[in-house]
Amino acid sequence: MTSKKPMAVAIMGPTASGKTAAALAIARTRPVEIISVDSALVYRGMDIGTAKPSPEELASVPHHLIDIIDPLEAYSVAQFRDDAIRLVGEITARGALPLLVGGTMMYFKGLTDSLDDLPTADQAVRADIEAEAARIGWPGMHAKLRTLDPATAERLKPNDAQRINRALEIIALTGKPMSELLGRREKPELPFDLVSFALEPSDRAALHQRIALRFDQMLGTRDDAGLVAEVARLRARGDLTPNLPSMRCVGYRQTWDYLDGAIDRSALRELGIIATRQLAKRQITWLRAMPERIVIDCLGSDPTQALLDRLRELERELEEKHRP
């Protein structure tokens, strides 16, 4: 008899592709619990700019890994992986289907490909790197990284301070480029069968229209409501800075600059939409490197129904596979 592992379903996709709607539609057909795979939804008090599910949506089906930390704190890929594996086990034990829903591709990759044996952060080394960056700028640090680790530099933007810092830190601590260390990993076997769906756009311009519409809805027409008011409340705490991972989330860093007076409202809208488009582009690039995904056109006539139909087919196939 073949040992049957429980099944979990991943719903991946770029921002504004309809992942939450698809997950809630599945929830109307069977008992499910949703595990958020989103590095912004973990933060409490960050609701508008992260497109967090509404209170009604959160109440309609159990959700996990949403509102679990303060914006002052950090949440790593390793923490996500441990939490996700634990939650899948707990959810299946309750007789429900785990849905892993989100667009943080690093989390998905950390879950399926395991984690890399990389050194932990060293604050002294990071401080030295940041001091050098203050002198020559992050594009200059990116150029330095290109000479030391061309493969890693190739996939990073010249102003991606967080990741450039980390890549240079790893070189300083190990004497080896991060790309070499990443290549040593062995793919683990998960304690469940993961079926991965990707909601991807057949028309990038149409996705861009969705992104602009959603950002406009977040921004609203007044500064005392919407995203601007949300970031103003966070700033008023007095303990947050624009360099924190939470405040570097798309939309938040642009709004912080607006509240600082560095840009006007028109620029806030333009830069916020551009940053969201860039995020979607990176997400799609990650997705296309995942060969086992099942692609659903998020702009199709009924992407949710297409996903449901394909899921039912796969469930039947798995039953046949594990039949004694």
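Two residues are in contact when heavy atoms of theirs lie within 4.5 Å. Keep that in mind for this predicted model.

Begin with Phe 108. Set aside the neighbours within four places in sequence. Phe 108 is then in contact with Ala 10, Ile 11, Met 12, Val 37, Leu 100, Gly 102 and Met 290.

Now widen the view to the largest nonpolar core. This core has 47 residues. Five of them touch the most other members: Met 12, Phe 80, Leu 100, Phe 108 and Tyr 252. Which elements each supply at least two residues of this core? One is the strand β1 (7-12). The others are the helices α3 (77-93), α4 (105-113), α9 (204-219), α10 (226-236), α11 (252-260) and α12. The largest share comes from α3, with five residues.

There is also a second, separate core. This one holds 24 residues, including Ile 26, Val 195, Phe 197 and Leu 311.

Two packed helices are described by the angle between their axes and the distance between the axes. Helix α1 covers residues 19-27, and helix α13 covers residues 303-321. Their axes come within 10 Å and cross at roughly 50 degrees. The crossing of α1 past α13 is right-handed.

Next, find Ile 284 in helix α12, which spans residues 265-288. Is Ile 284 buried or exposed? The cut-off for buried is under 20% relative accessible area. Ile 284 has 2% relative accessibility, so Ile 284 counts as buried. Which residues does Ile 284 contact, leaving aside neighbours within four places in sequence? They are Pro 14, Pro 201, Arg 204 and Leu 207. Sequence distance and spatial distance can be set side by side here. Ile 284 and Glu 200 are 84 residues apart in sequence. In space, they are 7.3 Å apart, C-alpha to C-alpha.

Finally, look at two cysteines. Cys 249 has a relative accessible area of 13%, so Cys 249 is buried. Cys 298 is buried too, with a relative accessible area of 2%. How many disulfides does the structure hold? It holds zero.

Definitions and conventions: Residues numbered from 1 in each chain as written. Predicted model: local features only at pLDDT ≥ 70, side-chain atom pairs only at ≥ 80, totals over all residues. Heavy atoms only, no water. Helix = DSSP H or I, 4+ residues; strand = E, 2+ residues; numbered from the N terminus. Buried < 20%, exposed > 50% of the residue type's maximum accessible area, 1.4 Å probe, protein only. Disulfide = S-S within 2.5 Å. Core = buried A, V, L, I, M, F, W, Y, C linked by side-chain atoms within 4.5 Å. Axes fitted to C-alpha atoms, helices over the stretch in contact; angles between N-to-C directions. Left-handed = near helix turned anticlockwise from the far one by under 90°.
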